[in-house]
Amino acid sequence: MMSEVLGSCRPLCRQMLCRNTKFFASITSRKTNFGSNRHTTLVRRHKSIIPANNASSSSFEGNERLYTFMTKQRGTLVSLSDFCGHVGFLLTVTAYLNTDMLSLRCLAISSSMMTTSFNYFRPHPLWFPIKWHALLITINAFMVGSLLQEKYEADNMPQEKKRLYDSGEFDDRGFSKVQFKKFFEYGRPRVLNQELITQENREIEKLYYIIDGNATVSCSKEGRTLGKITPNHFVGEMAFLVYCQNLKKDKETSRARASANVMADGMVRAWEWDAQQLAQMLNDDRDLSNAFTSYCSHDLRAKLLSANAHGDVKSRDVVEKAIKKHGTVKFLERLGLASPES
């Protein structure tokens, strides 16, 4: 009986074993095909992104020689494209250390061009930084053109302004030609004939620079002449400088008052600036403000040295009266014209 049962179950077991074998075989083949297909897909993607070493990128079709020349390793040295990258960053560092604006802009352009070469000659060009460097090159090139135009116009000033620049020693006293041209563009020429240039205890509305002729400085209270102002000197610069200093602290500050009367002796040719407009301009342009302050400090130092050498008590009185009037002892200390003990 038992043998009959086993005999009848044997065909059924063979059938089930055959089915299981086919099922496991199909699963194994699917896994193998999936792995091989995935590997093939990744390889294709990898090859489409990064080309082989001996093949140029699709971006360099027709320029394989140039690409090979720029990316070829030369012994222990880096490739030319990598060399451009190193030089570009060195130029950037040099530009940051430069104080001259024209040189800085030129170095920035050179740096961007070198870095662009480095970014372009890659297996796949880095277009994102390349586009930004192109924009930076355009901006810096425009600024270089503007600076060169300013320099050209300053070098070709009218002969009258060139003589004034030389006779007034603006170069030695802190003004470049570009700054000199810009400073005098804010003013206008003026002819004074026996006119009162500044009046004692009245607000300074104008700043003057005498080009030709003399002016007499006097004090109304003391009723005496204090000195003369000769060509190539400012009139009212002490009060104006104090006004500029106060304007930085308080935009609504009032103008400083003149410490003495200044009268034109006969015909006097001068250059005139509006005090408020000039002060606002100097506050906005720090380089020009420093040049003007430097010129005034040299001018006042020269006056003091000349007065001490010739024993001119009147000239020293003019300066002392201005210091007392405006309270500028600390201001003169910053300019190096007075010591803290004086």
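**A colleague's note on the predicted model**

1. A215 is buried, at a relative accessible area of 0% (buried is under 20%, exposed over 50% and partly exposed in between, with a 1.4 Å probe and protein chains only). This is a predicted model, where local features need pLDDT of at least 70 and side-chain atom pairs count only at pLDDT 80 or more, while totals for chains, interfaces and linings use all residues. Residues are numbered from 1 along each chain as its sequence is written, and side-chain values use heavy atoms, with hydrogens and water left out.

2. To place A215 for you: the residue sits in strand β3 (residues 206-219). Helices (H or I, at least four residues) and strands (E, at least two) are DSSP runs, numbered from the N terminus. Beyond four places away in sequence, A215 touches residues including I197, G227, I229, V262 and A264; contact means heavy atoms within 4.5 Å.

3. Leaving aside residues up to four places away in sequence, T115 touches C84, G88 and H133.

4. Helix α6 (residues 159-167) packs against helix α7 (residues 177-185) at about 115°, with the axes 11 Å apart. Those axes are lines fitted to C-alpha atoms over the stretch in contact, and angles run from 0 to 180 degrees between N-to-C directions. K161, L164 and Y165 of α6 meet K177, F180 and F184 of α7. By class, that contact has 4 nonpolar residues, no polar ones and 2 charged (Ala, Val, Leu, Ile, Met, Phe, Trp, Tyr, Cys and Pro count as nonpolar, Asp, Glu, Lys and Arg as charged, and the others, Gly among them, as polar).

5. Rings of Phe, Tyr and Trp (its six-membered ring) pair if their centres lie within 6.5 Å; planes under 30 degrees apart are stacked, over 60 edge-to-face and the rest tilted. Y165 and F180 have ring centres 5.1 Å apart and planes at 70°, so this pair is edge-to-face. Because Y165 lies in α6 and F180 in α7, the pair ties together parts 15 residues apart in sequence. Y165 and F180 are both buried.

6. F184 and W273 also form an edge-to-face pair, 5.2 Å centre to centre with 65° between the planes. The pair links F184 in helix α7 with W273 in strand β6 (residues 261-274), 89 residues apart. Both residues, F184 and W273, are buried.
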